[in-house]
Amino acid sequence: MKSLFNPQERQEIIDRIASLSEDSEREWGKMSASQMLVHAQAPIKVGIGELKLSSSLIFLILGPIIKKKIMKEEPFEKNLPTHKSFIVSYDPNLEAEKQNLINLINKFDAQKDNLAIKHPIFGKMSTQQWDVLLWKHTDHHLRQFGV
């Protein structure tokens, strides 16, 4: 599994982000490329403690089951449900959001020893689990736009 903590693999993700343009067409889903960039920032913000999400009883029950599935090596499936707080309903500036996402990825690496211990849906998360989750989520959405 690739890692955002590995400098070469992190650079690969950053290069993929940088290659997005206004002309990048989605292969599935409803988001524009700029909306996807904002969306992809949200779980990183949760991991580094900049975004707090509430949980619900259903997520407390289903979270560990979902977590086990997403920690497997397979990429995320297309058209998975999105947490309501991760939905972007405005049209952000693509170039600004590319830089914001890159900055957050670098911040995630810099704060790897101080990540959130608990995820609002998946419960207790190790540093490695955060890395798997965020690599797969970012990769998933970059693949959504063919990069």
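At 71% relative accessibility, Lys84 counts as exposed (exposed is over 50% relative accessible area, buried under 20%, partly exposed in between, with a 1.4 Å probe and protein chains only). The model is predicted, so local features need pLDDT of at least 70 and side-chain atom pairs pLDDT 80 or more, while totals for chains, interfaces and linings use all residues. Residues are numbered from 1 along each chain as its sequence is written, and side-chain values use heavy atoms, without hydrogens and water.

**Exercise 1.** Place Lys84 in the chain and relate Lys84 to Lys124.

Solution. Lys84 lies in the loop between helix H3 (57-70) and H4; helices are DSSP runs of H or I with at least four residues, numbered from the N terminus. Lys84 and Lys124 are separated by 40 residues in sequence and by 21 Å in space, C-alpha to C-alpha.

**Exercise 2.** Compare the span of H4 with the expected one, then locate its buried residues.

Solution. Step one: H4 covers residues 94-110, 17 residues in all, and reaches 24 Å from first to last C-alpha, close to the 24 Å expected (1.5 Å times one less than the number of residues). Step two: the buried residues of H4 include Leu101, Leu104, Ile105 and Phe108, and also Glu97, Lys98 and Asp109. Step four: their cover includes helix H1 (7-18), helix H2 (33-47) and helix H5 (127-144).

**Exercise 3.** Characterise the aromatic pair of the structure.

Solution. The structure holds one such pair (ring centres of Phe, Tyr or the six-membered ring of Trp within 6.5 Å; planes under 30 degrees apart are stacked, over 60 edge-to-face, the rest tilted). Phe5 and Phe108 are stacked, at 4.9 Å centre to centre with 10 degrees between the planes. Phe5 sits in the segment before H1 and Phe108 in helix H4, 103 residues apart. Phe5 is buried at 18% relative accessibility, and Phe108 is buried at 0%.

**Exercise 4.** Which residues of the largest nonpolar core touch the most other members?

Solution. Among its 35 residues, they are Ile17, Met36, Phe108 and Trp130; a nonpolar core is a set of buried Ala, Val, Leu, Ile, Met, Phe, Trp, Tyr and Cys residues joined through side-chain atoms within 4.5 Å. H1, H2, H4 and H5 each supply at least two residues, and the largest share, seven residues, comes from H2.

Key. Contact means heavy atoms within 4.5 Å.
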